[in-house]
2 protein chains.
Amino acid sequence: MNIPANNPDLKSWVEVPQNSDFPIQNIPFGVFKTAQMNTRVGSRIGDYVVDLKSLFVLGYLENLPFEAHDFDATSLNSMMKKGKKAVRDLRNRISKLLDTSHSDLQNNEHHVGQVLIPADQVTMLLPVEIGDYTDFYSSREHATNVGTMFRDPNNALLPNWLWLPVGYHGRSSSIIVSGEPIYRPKGQTRNDPEKDPTFGPTQRLDFELEMAFITFDGKPLGESISTEEAEDYIFGMCLFNDWSARDIQSWEYVPLGPFLAKNFASSLSPWIVTLDALEPFKVDNPEQAPKVLDYLKTTGQKSYDIHLEMGIQPENSENNVVCRSNFKYMYWTMVQQLAHHTVNGCNIRCGDLMGSGTISGPTEDSYGSMLELAWKGTKPLKMSDGTERKFINDHDTVIMKGYSEKNGIRIGFGEIVTKVLPTK
Amino acid sequence: MNIPANNPDLKSWVEVPQNSDFPIQNIPFGVFKTAQMNTRVGSRIGDYVVDLKSLFVLGYLENLPFEAHDFDATSLNSMMKKGKKAVRDLRNRISKLLDTSHSDLQNNEHHVGQVLIPADQVTMLLPVEIGDYTDFYSSREHATNVGTMFRDPNNALLPNWLWLPVGYHGRSSSIIVSGEPIYRPKGQTRNDPEKDPTFGPTQRLDFELEMAFITFDGKPLGESISTEEAEDYIFGMCLFNDWSARDIQSWEYVPLGPFLAKNFASSLSPWIVTLDALEPFKVDNPEQAPKVLDYLKTTGQKSYDIHLEMGIQPENSENNVVCRSNFKYMYWTMVQQLAHHTVNGCNIRCGDLMGSGTISGPTEDSYGSMLELAWKGTKPLKMSDGTERKFINDHDTVIMKGYSEKNGIRIGFGEIVTKVLPTK
């Protein structure tokens with residue numbers, strides 16, 4: 001695999017602030033618009049969005065298999081349809097154009113003015129037209145915490161959990177991008193099993209700190225993607241907050257799983273960071289015992305070291321980071337999730353989204369949901385403004401961030417910022 | 001509501017065979033292609049497909065809010081985007097053009113030749129680009145049977161079942177149309193809880209006799225559709241066979257619900273019958289006790305009398321009807337399902353598909369799955385060729401049919417024909 005865009009010695013002629021999530025080694029993809037401009041596909045360098053439509057029109061993307069409509073699209077899907085190699089070549093081309101040692105774009109001031117747009121002048125949009133959304137449940141600590149709280153601390157993990165990456169289908173229509181608010185969902189709950197259920201706004205609104213990956217087109221129905229092949233079908237990753245209403249969930253979820261407790265909204269970060277950009281941050285896989293069945297076996301490192309945090313910002317106050325976790329805590333890897341998902345012949349399509357499930361770490365401050373952090377409301381979290389949180393309040397803003405860092409190179413995912421509004 | 005297309009006295013100048021599913025009172029919508037023609041939107045009368053693109057080009061659809069590309073599309077979505085009133089007006093126009101008392105099309109032999117295509121010369125395609133697929137679990141008899149088999153006969157229904165229409169999200173990518181074969185899925189199962197799980201083709205492949213409804217565009221995220229409004233957001237209905245692998249299901253489904261046991265394939269009938277066409281077949285709703293919460297209350301008849309059957313045709317043999325059921329056995333109505341689905345602010349989109357769940361009736365021959373019909377394999381079903389079935393074998397063809405009938409008018413759904421092929 002040849003990924004010149006990841007060379008640690010690369011420097012860009014575009015100024016990149018220290019600790020930026022978007023150095024020349026990142027080159028993520030997203031969709032944006034401006035006051036003057038309809039939706040376009042872009043990349044990002046430092047504090048600038050790179051307008052790929054302009055790059056295309058100005059001739060900088062010649063000899064790549066793309067057309068103009070791939071870049072003035074409302075989603076990345078058309079670009080992604082061209083496949084992994086084409087997207088890799090595109091990313092390498094963008095990197096080259098932004099590299100100090102290449103002068104083509106750098107020396108054309110007029111073109112630079114068209115191609116680079118200050119990030120604070122754009123509105124980022126949902127990057128992908130999502131076909132199917134699947135959510136896994138792949139953090140052992142999270143599954144153990146939930147099992148301990150709601151079932152039996154001595155048998156917290158259900159019998160299937162260590163044998164297969166448990167997953168279920170979620171709702172695509174209600175996936176939104178960072179910046180869009182959510183409305184507190186209403187629903188049926190039954191907190192007292194001796195009384196009739198009641199209806200009203202959820203009293204237990206929660207976040208779930210997750211990451212998600214986006215797929216390329218897969219194989220025809222009836223065929224499977226092996227763990228060896230899986231990376232070829234993964235475009236990239238982003239941050240993901242899978243909003244949950246715990247009181248609705250506990251009443252509705254047997255026997256078919258969560259439904260209205262989850263499908264009112266899930267929030268996505270706007271930049272998709274390619275798997276290529278994350279290659280330097282691979283780490284050893286978690287040990288898996290019992291040994292997995294053959295179709296789930298992998299060779300080589302398939303885990304990633306990605307720092308993650310979630311914060312709560314009460315209205316008119318500051319952000320309180322309540323959780324610091326890491327993607328490497330995942331028990332099941334993405335290639336195992338994808339192999340499992342397709343082993344029955346289920347097909348995947350360009351733009352499908354697969355969530356990791358809540359990523360909880362081993363320590364109490366690394367749990368990925370309020371349910372776990374405040375332990376079912378028994379340990380409220382203190383905010384810097386003196387208030388406490390068992391769950392999320394109306395007018396709170398919830399902020400998720402994530403990045404990888406190694407040898408002075410930081411590849412970041414930006415953030416998800418979501419304000420919670422009262423029931424509509 | 002003015003639905004002239006349903007007038008029982010209407011007769012078409014196109015010959016309609018007795019017992020046809022498609023008299024002039026039906027006028028369903030679907031997508032087809034022929035050897036000479038790319039995909040087009042069509043309707044159906046007797047043994048002919050009505051080519052709506054030709055009707056449009058020849059000027060017969062004037063003063064309706066449609067454009068040519070709505071009818072040479074690969075799905076009904078573009079047409080449906082125009083909304084309930086537009087589609088109702090279109091259906092009434094088609095009915096009028098095919099009515100004996102109107103001469104415009106009838107008397108133009110050349111045009112008739114372009115517009116009517118013998119049904120045996122077309123290939124029917126998946127009619128809808130499905131955004132999200134939701135499956136409910138709304139037959140009391142089915143839920144009771146499953147609860148009796150797998151849990152406790154004395155507490156077969158879980159506590160939430162009578163309070164809300166239990167549902168969950170399924171997979172859109174693997175929904176196929178009648179005529180397409182399925183491949184027996186592989187997966188992980190654990191039939192002996194004392195031994196490690198194993199991997200291989202499912203040994204318990206099952207059908208589920210269901211119906212599904214297709215939605216128009218809904219409201220913005222955060223808003224709800226009431227039971228009173230729900231019919232305005234439903235385009236029509238079709239037959240639905242939600243394939244299931246029972247051994248995979250029982251191992252994987254706790255705690256997040258069925259996943260690989262279902263998402264390898266679901267089969268749809270090609271013609272969508274509008275809710276308008278089904279209006280004459282409304283019947284009283286089932287009695288619901290306990291009384292439902294306010295947001296689930298309805299006024300008037302919301303159930304439909306639709307005869308349903310499922311058959312198994314072993315290779316080189318004949319169809320054995322193994323189940324005769326009826327849509328009216330559903331405990332929860334479609335308007336309740338849709339109101340519940342959106343009560344938390346979840347948005348629906350044009351082309352979403354909502355399955356009823358397996359529709360089992362009160363008698364043993366009206367159960368909607370092999371799991372129930374052969375009662376967990378304890379009562380194998382005899383085929384006319386002398387073989388027996390506990391579940392579905394490779395090379396079996398499974399055939400679902402459905403129709404409503406009243407006062408000599410039969411509104412049918414056609415059929416779903418699906419052959420089961422060995423694991424790929």
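Biologist: Which domains does the assignment give for chain A?

Modeller: This is a predicted model, and the bounds come from a domain assignment. In chain A, that assignment gives domain 1 (4-125) and domain 2 (133-421).

Biologist: How far apart do the C-alpha centres of domain 1 and domain 2 of chain A lie?

Modeller: The two domains of chain A are in contact, with 29 residues taken from domain 1 and 30 residues from domain 2. Between the C-alpha centres of domain 1 and domain 2 of chain A, the distance is 29 Å.

Biologist: Thanks! And which element gives the most to the side of domain 1 of chain A that touches domain 2 of chain A?

Modeller: Across this interface there are 12 residue pairs in polar contact, both partners being at pLDDT 80 or more. The elements of chain A that give two or more residues to the domain 1 side are strand 2 (40-45), helix 3 (77-80), helix 4 (84-98) and strand 5 (123-125). By class, that side has 13 nonpolar, 10 polar and 6 charged residues. With 4 residues, the element that gives the most to the domain 1 side is helix 4 of chain A.

Biologist: With which residue does A:Asp276 form a salt bridge?

Modeller: The rule finds 3 salt bridges across the interface of domain 1 and domain 2 of chain A. For A:Asp276, the closest N and O atoms of the pair are 2.7 Å apart, and the partner is A:Arg88.

Biologist: In strand 26 of chain A, which residue is the bridge partner of A:Tyr183?

Modeller: Strand 9 of chain A is joined by 2 bridges to strand 26 (residues 409-421) of chain A, and these strands run parallel. The partner of A:Tyr183 in strand 26 of chain A is A:Leu421.

Biologist: Now for chain B. How many residue pairs are in polar contact between chain B and chain A?

Modeller: 59 residues of chain B are in contact with 59 residues of chain A. The two chains bury about 5600 Å² between them, 60% of it on carbon and sulfur atoms. By the cut-off of 3.5 Å for N or O atoms, the count of residue pairs in polar contact, both at pLDDT 80 or more, is 33.

Biologist: Which residue of chain B forms a salt bridge with A:Asp132?

Modeller: Across the interface of chain B and chain A the rule finds 6 salt bridges. In the one with A:Asp132, the closest N and O atoms are 3.5 Å apart, and the partner is B:Arg171.

Biologist: One for the backbone: where does A:Pro290 lie?

Modeller: The peptide bond from A:Ala289 to A:Pro290 is cis, with omega near 5°. Another cis peptide bond joins A:Val254 and A:Pro255, with omega about 0°. As for A:Pro290, the place is the loop between strand 18 (282-283) and strand 19 (303-304) of chain A.

Biologist: Last one: what is phi of A:Asn407 near?

Modeller: Most residues other than glycine have a negative phi. A:Asn407 is found in the loop between strand 25 (397-406) and strand 26 of chain A. In this residue, which is not glycine, phi is positive, with a value near 50°.

Key:
Residues numbered from 1 in each chain as written. Chains lettered and ligands numbered in written order. Predicted model: local features only at pLDDT ≥ 70, side-chain atom pairs only at ≥ 80, totals over all residues. Heavy atoms only, no water. Pairing = 2+ DSSP bridges. Contact = heavy atoms within 4.5 Å. Salt bridge = Lys/Arg side-chain N within 4 Å of Asp/Glu carboxyl O. Polar contact = N/O pair within 3.5 Å; in protein donor to acceptor, adjacent residues only side chain to side chain. Nonpolar A, V, L, I, M, F, W, Y, C, P; charged D, E, K, R; others polar. Buried area = accessible area lost by both parts, 1.4 Å probe.
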